[in-house]
Amino acid sequence: MFAHDTRRMRTVLPAYEVEVGTEPLIRPARNSVGGWPFLDQPQDWPECFCGERMALFFQFDIPRDLEHFGGHHLLVFHCRAHNDASDPQLADGRLVPKYWDAPQPPYPAPFWRVLIQSHASLPAPEAEPSVCALPLTLRPFVDTPDEEGVGAQTFKVGGSPSWAQDPEEYTCACGADLVYVCQVPEGMDFAVHPGQPEQSYSVRADTYWLFLGNEVYLLACPDRCDPAAVWPVNQH
Ligand SMILES: [Zn+2]
Ligand SMILES: [Zn+2]
């Protein structure tokens with residue numbers, strides 16, 4: 001098993017570095033931090049169980065040459081008021097049924113929503129009010145894994161995760177093994193507009209974090225049994 005896994009993990013997979021631009025967006029863009037979410041109809045803007053509309057942290061079109069999700073649109077939402085690490089809930093060796101909506105003790109449901117959408121052709125009429133809208137650019141790069149199969153520690157889609165701790169693997173409730181899609185580096189700041197409510201446990205008033213600033217590895221169901229069938233692994 002290990003020999004097989006090592007061989008697989010050393011493969012150099014297509015990868016794109018995700019660069020955050022500096023010029024604020026004034027109109028919808030498909031690749032953005034904050035901004036106008038491109039959602040499938042009739043997907044509404046996600047709300048947290050606390051009743052707050054979740055903040056759109058970022059979204060982009062997954063490049064077409066990437067396996068499993070190429071050509072689809074990834075969106076990452078997270079509640080401002082709820083800021084914690086994700087905690088996988090398992091049953092019979094799999095993530096629990098509908099884990100994207102299932103209780104996340106001590107919370108009655110997850111405080112985030114990650115979506116992979118296939119028909120996201122129109123932007124929402126309103127922009128994300130808190131996180132500053134900035135353009136994202138995806139640039140191909142060579143993500144050569146080290147001897148342990150660990151890839152570059154950067155904001156990227158594709159390639160190999162840069163596991164800060166031991167690699168984590170999960171099986172979707174549907175039975176498919178989740179596959180790695182994207183990672184957000186530890187402590188990545190998302191600038192917010194002045195005067196917006198502060199995030200709980202954040203370091204500064206002018207930034208929000210995802211999952212307490214943990215490194216985030218998004219693993220998703222390759223069978224795409226649900227647009228929200230994505231598990232955000234947190235490590236630091
Ligand atoms: Zn909340
Ligand atoms: Zn699934």
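How much space lies in the largest cavity? About 30 Å³ of space lies there, and the close-up views below, all taken from a predicted model, begin with that cavity. Because the model is predicted, local features need pLDDT of at least 70 and side-chain atom pairs count only at pLDDT 80 or more, whereas totals for chains, interfaces and linings use all residues. Residues are numbered from 1 along each chain as its sequence is written, chains are lettered from A and ligands numbered from 1 in the order in which they are written, and side-chain values use heavy atoms, with hydrogens and water left out.

**View 1. The largest cavity and its lining.** A search of the whole structure finds one cavity of 30 Å³ or more, where a cavity is a set of points, on a 1 Å grid over the protein atoms alone, at which a 1.4 Å probe fits but cannot get out; grid points are joined across faces, edges and corners, and a volume is the space filled by probe spheres set on the points. Lining residues, defined as those with an atom within 4 Å of a point, are Trp100, Trp112, Arg113, Val114, Ala228 and Val230. Strand S7 (residues 112–117) gives the most to this lining, with three residues, a strand being a DSSP run (E, at least two residues) numbered from the N terminus. The lining divides into five nonpolar residues, no polar and one charged, with Ala, Val, Leu, Ile, Met, Phe, Trp, Tyr, Cys and Pro counted as nonpolar, Asp, Glu, Lys and Arg as charged, and the others, Gly among them, as polar.

**View 2. The second largest pocket.** About 200 Å³ of space lies in this pocket, a pocket being an open set of points with protein on both sides within 12 Å along at least five of seven lines. Of its 14 lining residues, Leu39, Gln41, Gln43, Ala124 and Pro125 lie nearest its centre, and the lining as a whole comprises eight nonpolar, two polar and four charged residues.

**View 3. The site of the zinc ion (ligand 1).** Cys48 (SG), Cys50 (SG), Cys79 (SG) and His82 (ND1) coordinate this ion at 2.2 to 2.4 Å, donors being N, O and S atoms within 2.8 Å of the metal (3.2 Å for Na, K and Ca). The four donor atoms subtend angles of 105 to 114° around the zinc ion (ligand 1), so the arrangement is tetrahedral (four donors with all angles between 85 and 135 degrees). In sequence the donor residues are spaced C-x1-C-x28-C-x2-H. Cysteine 48 is buried at 5% relative accessibility, whereas cysteine 50 is partly exposed at 36% (buried means under 20% relative accessible area, exposed over 50%, partly exposed in between, with a 1.4 Å probe and protein chains only).

**View 4. The site of the zinc ion (ligand 2).** Here the donors are Cys172 (SG), Cys174 (SG), Cys221 (SG) and Cys225 (SG), at 2.2 to 2.3 Å, and the site is tetrahedral, with angles of 103 to 115° among its four donor atoms. Along the chain these donors follow the spacing C-x1-C-x46-C-x3-C.

Note on methods:
Four donors count as tetrahedral if all angles lie between 85 and 135 degrees; four count as square planar and six as octahedral if opposite donors are over 155 degrees apart and all others between 65 and 115; anything else is irregular. Helices (H or I, at least four residues) and strands (E, at least two) are DSSP runs, numbered from the N terminus.
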